[in-house]
Amino acid sequence: MNPPMPLFRSALIASAALLLAAAATADTLRRGAVAEPNSLDPQIVSGASSTIMRDLFTGLTSYDPAGRLIPGAAEAWDISADGLTYHFRLRENLKWSDGSPIAAKDFVYTLRRLVTPGNRTRFGSFFYSVRNARRIMGGELDPMELGVRAEDERTFVIELERPDPTLLEKLSNYAAAAMPQAIIEEHGRRWSRPGRLVTTGPYRLAEWVPQSHLTLEKNPHFYAAGEVGIETVHYFPTTNAETAMRRFLAGELDFLLTFPADRLDWIEENLPGQLKIWPALGISYVTFNNRKPPFDDVRVRQALTISVDRQQIADRIMRVGVPTAHTVTPSVVSNYDTPVPDYARQSMPRRLAEARSLLEAAGYGPDRPLTFELRYEPPEENRRLAIALQAIWREIGVNTELLFTDFGTLYRSVRTGDYTAARFTWFSPTDSPETFLFLLESGSTTNYSGYHNAEFNRLIASAEAQLDRDTRLAKYREAEALALADYPVMPLYFMVHRNLVAPDIQGYTPNSRGMAASRYLRRVK
Amino acid sequence: MLAPMLAFTLRRLAVAIPTLLAIATASFFLMRAAPGGPFDTEADLDPEVLESLYRAYGLDQPLLEQYRIYLANVLKGDFGPSLVYEDFNVTELIAIGLPVSARLGVTAMLLALLFGGTCGIVAALRHNRLFDHATMTMAMTGIAIPSFVTAPILALFFGLYLKLLPVAGWNGGAAANMVLPVIALALPQLAIIARLMRGGMLEVLRANFVRTARAKGLPERQVVINHVLQSAAVPLVGYLGPALAGIMTGSLVIELIFDLPGIGRYFIQGALNRDYPLVMGIVIVYGALIILLNLLSDLAYAALDPRVRRTYR
């Protein structure tokens, strides 16, 4: 007779083997390192869950595997000569995941719901260019006054207040996908549960256990269902990047949207083919509070900005192949030539000498050193970054006091202007300079530095009115160069997407938008 | 004997209500005193959007008014909607998370009692001999090494290296997924229980009534089972109540490291994201569990020790 211990162990092996066999079949995909969605209502969910949401919902436009804009629910569109009216032609036989038909009026409902105040929707400000959107969100006008209409069953029309070159990109967002009015009105906040949630994208929701998993199954009514390879997608939300990494190494997960930065060396050595690093539409920067001392003085901002060697930060602190940043708009933005300031090309000794004399001119020196508080938030790599900045600035006689806070506290303090300096990250939803330059525009909600320059605002406004792409981008470039000469914020490095993809998963094309739609992925034997 | 015990129980339950009220009040105002608000982690919300979110959740009301509404709802058994998991009510989330944590916690506790109790008894009977020293050294190690060290090591060894068990995940509570988290949860408890049991045993083994039992000529086994164990378990019983409440309401570390959908994760996510209703709901449930399990452990005391029984009048 067998002793009890091996018996117990073989039972374990058998059950574990059974478990893995059930999980890793040819037509399933297991994705990890995603945030737990705060909601599956496409207009309420926050931006952190976009990969899941894009698997479930497809807007009027969509993206190909490389992140290029392609038709989505609309097969074609016309833009009027003044850029103010968009006619969208919906695909024939467009259907919800329950098989019922989608019509133009469903998109009218979608955009009205998005800008209606008081119903917890998040992305209304995306569509401020649509006629009356801003006044409806401010409670001045009825949502019925929104510049959208259904001309017939398959023609959806949007009227704008001003030309919006990023409108087509923004319409790819799940928040602008068709919403089922009848189901939402029947079930209220519980309409997003499995069995009720009808979707318009390549997948539909089969199961959702918060903090455990979401299971998506192929939507047979999706307009391109024939091209969708993987039948079932499991998402495992994680709050611990190390755990997700271990699950990937154990073969329990196929695709990680991120991994801990300090594991890079090990991954490069051991999993070279599975590592994907790609520049993203995002920036890591230090925002100075321009409204109050010491950063109301441009010399102080300039001294701190030019004294930091970005290459050192990128190579020695971040170590995940991040591009160095001297501008606010990332170099990866399409067709845009970033206006890199001159100091970027000067030698470090010269820059440090200039920084010292700028501080001296501003009244700081050994007797009266510049002292300020720098706030930063998780993850751990930001701590290393903050400590590095502290050490670099000590070289020019500056005392940096570091304050570590959680996300919520940091965001609240920068949003209300109750801070001196803070490290911050910004991701743009569109491949264009405009949302990056919003960081510097007066009155913009993301202008945390409080920078104000009337000429800059004027250039931005005139750029927005340009219909020709190259003229518009040239104006943006002029505006950005003007603002950077005032050193309102300190760009540090541009963000990257860092993914781990199992070798048997094919069809993934890294792109700056970080699109990794399950519909394009395949599992090969 | 039953009547005073019943009266004692009722008295304790009556005190529980103001206690829970005090807990709810303190946590309500403490949560609000923390800087930041529930939607602050979404960095790019427009002021219009933020304002409309605050209005939708009643957060634009004066604080005392919010407190009044909250208490009124809690008395009706409604903890309100979660601000972080916006498609769910707090009650629904607790109903999802608590069973997971409770199942892990109770399993771990049973395991710890079985092994820790046995080790403690045997160590006491072999007092100052090799087994005693070995188990107590291991127990001290078990107490000293925190679970955020043992848990990843277990996952690395049994999951990645031996490939015997899944490294993380709940998988609907499959046995294979429970093994590692339960062991990681049980180890420190096992160590504490072994020490408590050994200590209790050693004290009782020297007591006069045990000497009497031995002098009567009872076999050692009978002395231990009939006379020693019951009294020796008293300190352990006092420990078990609060410990069980703690372990059932979720170990944040274990749930994070093994990706388990337990209530500890909700608690920390709720606290970080200022999900006021979720945090308060969990605090109240936790408070109620502690009160209940402390009461049970006091009743168990009385059952084990007649002297204690007399004080429960």
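Biologist: What makes Ala245(B) a buried residue?

Modeller: Ala245(B) has 22 other C-beta atoms within 10 Å. A residue is buried with 20 or more such atoms around its own C-beta, exposed with 12 or fewer, and partly exposed in between, the C-beta atoms being placed from the backbone. Ala245(B) therefore counts as buried. This is a predicted model, in which local features need pLDDT of at least 70 and side-chain atom pairs count only at pLDDT 80 or more, while totals for chains, interfaces and linings use all residues. Residues are numbered from 1 along each chain as its sequence is written, and chains are lettered from A and ligands numbered from 1 in the order in which they are written.

Biologist: Where does Ala245(B) lie, and which residues is Ala245(B) in contact with, leaving aside neighbours within four places in sequence?

Modeller: Ala245(B) is part of helix H10 of chain B; helices (H or I, at least four residues) and strands (E, at least two) are DSSP runs numbered from the N terminus. Its contacts beyond four places in sequence are Leu289(B), Ile290(B) and Leu293(B), a contact being two C-beta atoms, placed from the backbone, within 7 Å.

Biologist: Why is H4(B) called oblique to H10(B)?

Modeller: Helix H4 (residues 90-125) and helix H10 (residues 234-248) of chain B pack at about 135°, and their axes are 7 Å apart. The axes are lines fitted to C-alpha atoms over the stretch in contact, and the angle, from 0 to 180 degrees, is taken between N-to-C directions. Angles under 35 degrees are roughly parallel, over 145 roughly antiparallel, 65 to 115 roughly perpendicular, and the rest oblique, so H4(B) is oblique to H10(B). Ser101(B), Ala102(B), Gly105(B), Val106(B), Ala108(B) and Met109(B) of H4(B) meet Leu244(B), Ile247(B) and Met248(B) of H10(B).

Biologist: Which residues touch the most other members of the largest nonpolar core?

Modeller: They are Ala108(B), Ala151(B), Leu185(B), Ala194(B), Met197(B), Ile254(B) and Ile282(B), in a core of 78 residues. A nonpolar core is a set of buried Ala, Val, Leu, Ile, Met, Phe, Trp, Tyr and Cys residues joined through C-beta atoms within 7 Å. Helix H7 (residues 175-205) of chain B gives the largest share, 16 residues. A second, separate core has 73 residues, including Ala33(A), Leu90(A), Leu114(A) and Leu168(A).

Biologist: How many helices and strands does chain B have?

Modeller: Chain B has 14 helices and zero strands. Of its 313 residues, 42% are buried. Its C-alpha trace spans about 85 × 60 × 30 Å along the principal axes.

Biologist: How do you know that the buried residues of H2(B) line one face of the helix?

Modeller: Helix H2 (residues 47-56) of chain B has Val49(B), Ser52(B) and Leu53(B) as its buried residues. Down the axis of H2(B) they fall within an arc of 105°, so they line one face; the arc is that of the directions from the helix axis to the C-beta atoms. Just after H2(B), Gly58(B) has a positive phi of about 70°.

Biologist: What is the length of H12(A), and what is expected?

Modeller: Helix H12 (residues 380-394) of chain A has 15 residues and reaches 22 Å from first to last C-alpha, close to the 21 Å expected. The expected span is 1.5 Å times one less than the number of residues. Leu385(A), Ala386(A), Leu389(A) and Trp393(A) are buried in H12(A). Their arc is only 100° around the axis, which puts them on the same side. Glu380(A), Ala391(A) and Arg394(A), on the other side, are exposed.

Biologist: Which residues does the cis peptide bond with omega of about 0° join?

Modeller: That bond joins Pro293(A) and Pro294(A). The bond from Pro378(A) to Pro379(A) is cis with omega near 5°, and Pro379(A) is in the loop between S13 and H12 of chain A.
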